[in-house]
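Here is a short note for someone opening this structure for the first time. Please read the points below with the structure in view.

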Amino acid sequence: MKKFAIVSLAVSGALAFAAFTSIAINVDRENKLQRVEVAYADKQPPVQEIKNPEKPMQRWYEGTLNYYDIEGGFFGFTSKDGENLLPMGLNKKYQQPGAKLKLYGYIDNEVATIQMWGKPFKVIKVEVIEKGSSTHPSQM
């Protein structure tokens, strides 16, 4: 009876393993090499195996640019959806407090900042909807 229980557990374990993975072995007849490929049941590798895409997702954000006088002062962008972005590479001619802008770019999670405000956002394109104050806040 114990042997039957052990065999049953072994078979059910093997079936469970087979349900989540698929192993294919290819043998090179000349070199006797084996290659094992694993296919995942949900067609996704485990989280630790997912690599960052080469190009992050780029998109447009519409919102308001404001100046914050903390950590040495910086410009922060708040989208219409309430998302705070720290525009990296925003040309000085667009750095106007209160300006309504459309920014095209991507969130860069590989960048660390001292501002501790918003998500670092790499600006690629800018469209001005409405100009802001022409005086830079640091000159006030």
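How many bridges join β6 to β7, and in which sense do the two strands run?

1. Eight bridges join β6 to β7, and the two strands run antiparallel. Strands here are DSSP runs (E, at least two residues) numbered from the N terminus, and two strands pair if DSSP finds at least two bridges between them.

2. On the source: this is a predicted model, in which local features need pLDDT of at least 70 and side-chain atom pairs count only at pLDDT 80 or more, while totals for chains, interfaces and linings use all residues. Residues are numbered from 1 along each chain as its sequence is written, and side-chain values use heavy atoms, with hydrogens and water left out.

3. The strands form a closed barrel of five, in the order β3-β4-β5-β7-β6, with mixed pairing. Neighbouring strands of this sheet are turned against each other by 55° on average, direction ignored; the axes are lines fitted to C-alpha atoms, and angles run from 0 to 180 degrees between N-to-C directions.

4. Strand β5 covers residues 84-88 and is joined to β4 by two bridges, the two strands running antiparallel. The hairpin of β4 and β5 has four residues between the strands, and G82 in this hairpin takes a positive phi near 85°. With β7, β5 pairs in the parallel sense over four bridges. P87 has F121 in β7 as its bridge partner.

5. The largest nonpolar core has 12 residues, among them Y61, F77, L103, F121 and V123. Such a core is a set of buried Ala, Val, Leu, Ile, Met, Phe, Trp, Tyr and Cys residues joined through side-chain atoms within 4.5 Å. Two or more of its residues come from each of β3 (59-68), β4 (74-79), β6 (100-107) and β7 (119-130). Not counting residues up to four places away in sequence, F121 touches Y61, L85, P87 and L103, among others; contact means heavy atoms within 4.5 Å.

6. T78 lies in strand β4, and its bridge partner in β5 is N84. The side chains of T78 and N84 are also joined by a polar contact of 3.1 Å (a pair of N or O atoms within 3.5 Å; within protein, one must be able to donate a hydrogen and the other to accept it, and residues adjacent in sequence count only if both atoms are side-chain atoms). T78 counts as partly exposed because its relative accessibility is 22%; buried means under 20% relative accessible area, exposed over 50%, and partly exposed in between (1.4 Å probe, protein chains only). S79, also in β4, counts as buried at 8%.

7. A search of the whole structure finds two salt bridges, each a side-chain nitrogen of Lys or Arg within 4 Å of a carboxyl oxygen of Asp or Glu. In one, E62 pairs with K80, the closest N and O atoms being 3.1 Å apart. This pair links E62 in β3 to K80 in the loop between β4 and β5, 18 residues apart. E62 is partly exposed at 30%, whereas K80 is exposed at 65%.

8. K119 forms a salt bridge with E83, with the closest N and O atoms 3.1 Å apart. K119 lies in β7 and E83 in the loop between β4 and β5, so the pair ties together parts that are 36 residues apart in sequence. K119 counts as partly exposed at 38% relative accessibility.
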